[in-house]
Amino acid sequence: MVISSTVPRLVIAAPSSGSGKTTVATGLMAAFAERGLAVSPHKTGPDYIDPGYHALATGRPGRNLDAFMCGPELVAPLFAHGAAGCDLAVVEGVMGLYDGAAGRGELASTAQVAKLLRAPVVLVVDASSQSRSVAALAHGFASFDPQVRLGGVILNKVGSDRHEAMLREALEEAGMPVLGVLRRAPQVATPSRHLGLVPVAERRADALAAVATLADQVRTGCDLDALLALARSAPALTCEAWSPEAALAAGLAGGGAPGTASGAASPGSVKGRGGGPLIAVAGGPAFTFSYAEHAELLSAAGAEVVTFDPLNDEALPPGTAGLVIGGGFPEVYAPELSANEPLRAAVAAFAAVGGPVAAECAGLLYLARSLDGKPMCGVLDADARMSERLTLGYREAVAVSDSPLAAAGTRLRGHEFHRTVVEPGAGAAPAWGFTHPERRVEGFVQGNVHASYLHTHWAAQPSVASRFAAAAADFAAGTAAAAAARP
């Protein structure tokens, strides 16, 4: 059913990375939540880490809006799904306002997402090394694409009262509203390392304090009433809100994305919630990367989803019939993961008897024979190590081998983001063949194991979830039958 979403909304953008988008967006989310508003947090692009801070600020799952991986047509429906029933939605942009997928024009840019959401944009400007030039910058960003509505600016790293006065005067001449001024201040304690901010799960108490400080800075320096009024000026967004049940049904009816995997289970072929296969999802500090829609799709496909922590749990959850090991930072925790020998043995045993396993990036490293010389699960005949080279970018891929995730020939889009190397980079049966921007095979399909560096968003290909849930259901049924046959 097509509905009209009237959730007030803002997109927080910047001229470039490092301008203060995350500071402002997270601070705004927390400050408005403190006012008693139900705030829906969103992040443009594939980033996993910022949504963790957004979730702390709002008490709601941080959700990604990625026009490359999910397609522009899903941006508004996914937004409406996440923001349903909220008083306000805040969308943090990615890179510079008009930066998107390399060589693809506006695709996956913050500007494109703002247009798809019909949302006003607030530009966060690092004003530390400019005065009157800020007006030319704001004018250029406002006029570059007339379909992008730039509603005002928030000035970051302002040095003094005199500096602020010069900036305000210049922007007033340009007719650009100033919605906030943040002074130069000691950096809030949000430490970074090789792939960006340290995830919330690794420093929850400190992260809570950092979010509170950001809220205080934004509350003090920004005109929250004016920002809320701007958000409420967004016109109605007419679309059908995404739902995991409808997405699965559409895929089974042939309405899914081109290349949808064949052989996916229908919802009726998998037991309902509470009686379906148990799928264990790795979590804890070492495995923090996941999209909320993945668990929602698995649940809609009939599975019971349970989280476990490979750093601390010495066994898989009882009755595990499927195992999902997503992204994160196992390289940071290699000694601790290696020391948990009982769980490593349990994972290896589960894979050896045909249990379906889906591993992305960090999960690939965990399934390898070793990581930086430390023994891992040994499911794959490969070794992993840290590298100086950052591998980063969107990928177009086709499944090379049949697996619990996809039938050979299934096409989808994904994202790579790592500073590690796995040798060899592909098994005898590779997981994916990349078709753009480079051609190569990558990953491993071994028995019922699918392991790859590629991060994917299952909302774009719901058959991935239904196929994996069906594989888990088949494994659970086979295990039960074998148990019943034993004397």
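The model is a predicted one.

## The parallel sheet of seven strands

Seven strands, in the order β4-β3-β5-β2-β6-β7-β8, make up an open sheet with parallel pairing. Its edge strands are β4 (63-65) and β8 (178-183), each of which pairs on one side only. From one strand to the next, the twist averages 25°. Within this sheet, strand β3 (residues 39-44) runs parallel to strand β5 (residues 88-92), and five bridges join the two. Valine 39 has leucine 88 as its bridge partner in β5. Helix α8 (residues 224-232) packs on the sheet, where it touches β2 (9-13), β5, β6 (121-126), β7 (150-158) and β8. The direction of helix α8 makes about 115° with that of β2.

## The mixed sheet of six strands

A further open sheet has six strands, and its order is β13-β12-β14-β15-β23-β22, with mixed pairing. Strands β13 (304-308) and β22 (444-446) stand at the edges with a single partner strand each, so one side of each has no neighbour in the sheet. Here the twist averages 15° from one strand to the next.

Strand β12 (residues 278-282) pairs with β13 in the parallel sense, over five bridges. Two positions illustrate this pairing. Leucine 278 has glutamate 304 as its bridge partner in β13, and valine 281 stands opposite threonine 307 of β13.

Strand β12 is also largely enclosed by the rest of the structure, because five of its five residues are buried. Leu278, Ala280 and Ala282 point one way from the strand, while Ile279 and Val281 point the other way; all are buried. Helix α14 (residues 463-485) lies across β12, β14 (320-325) and β15 (357-360), and runs at about 145° to β14.

## Helices α5 and α6

Helix α5 (residues 133-144) and helix α6 (residues 161-173) have axes that come within 8 Å and cross at roughly 40°. The two helices are therefore oblique to each other. The crossing of α5 past α6 is right-handed. On the side of α5, the contact is made by Val134, Ala135 and Ala138, and on the side of α6 by Leu167, Ala170 and Leu171. These contact residues divide into six nonpolar, no polar and no charged. An α-helix has 3.6 residues a turn, so residues three or four places apart point the same way.

## Helix α2

Helix α2 (residues 49-58) is largely enclosed by the rest of the structure, because eight of its 10 residues are buried. The buried residues are Ile49, Asp50, Pro51, Tyr53, His54, Leu56, Ala57 and Thr58. Glycine 59 follows α2, and its phi is positive, near 75°.

| Residue | Relative accessibility | Class |
|---|---|---|
| Proline 77 | 12% | buried |
| Histidine 415 | 9% | buried |
| Glutamate 245 | 40% | partly exposed |

Proline 77 lies in helix α3 (residues 75-83). With its neighbours within four places in sequence left aside, proline 77 is in contact with Cys239, Glu240, Ala241 and Trp242. Proline 77 and glycine 378 are 301 residues apart in sequence, and their C-alpha atoms are 41 Å apart in space.

Histidine 415 has its place in strand β19 (residues 411-423). When residues up to four places away in sequence are not counted, histidine 415 touches Pro46, Met69, Leu392, Gly393, Tyr394, Tyr453, Leu454 and His455. Its relative accessibility of 9% is under the 20% limit, and histidine 415 therefore counts as buried.

Glutamate 245 is found in helix α9 (residues 244-252). At 40% relative accessibility, glutamate 245 counts as partly exposed, because that class lies between 20% and 50%. Glutamate 245 and leucine 150 are 95 residues apart in sequence and, from C-alpha to C-alpha, 36 Å apart in space.

Methods. Residues numbered from 1 in each chain as written. Predicted model: local features only at pLDDT ≥ 70, side-chain atom pairs only at ≥ 80, totals over all residues. Heavy atoms only, no water. Pairing = 2+ DSSP bridges. Helix = DSSP H or I, 4+ residues; strand = E, 2+ residues; numbered from the N terminus. Axes fitted to C-alpha atoms, helices over the stretch in contact; angles between N-to-C directions. Contact = heavy atoms within 4.5 Å. Parallel < 35°, antiparallel > 145°, perpendicular 65-115°, else oblique. Left-handed = near helix turned anticlockwise from the far one by under 90°. Nonpolar A, V, L, I, M, F, W, Y, C, P; charged D, E, K, R; others polar. Buried < 20%, exposed > 50% of the residue type's maximum accessible area, 1.4 Å probe, protein only.
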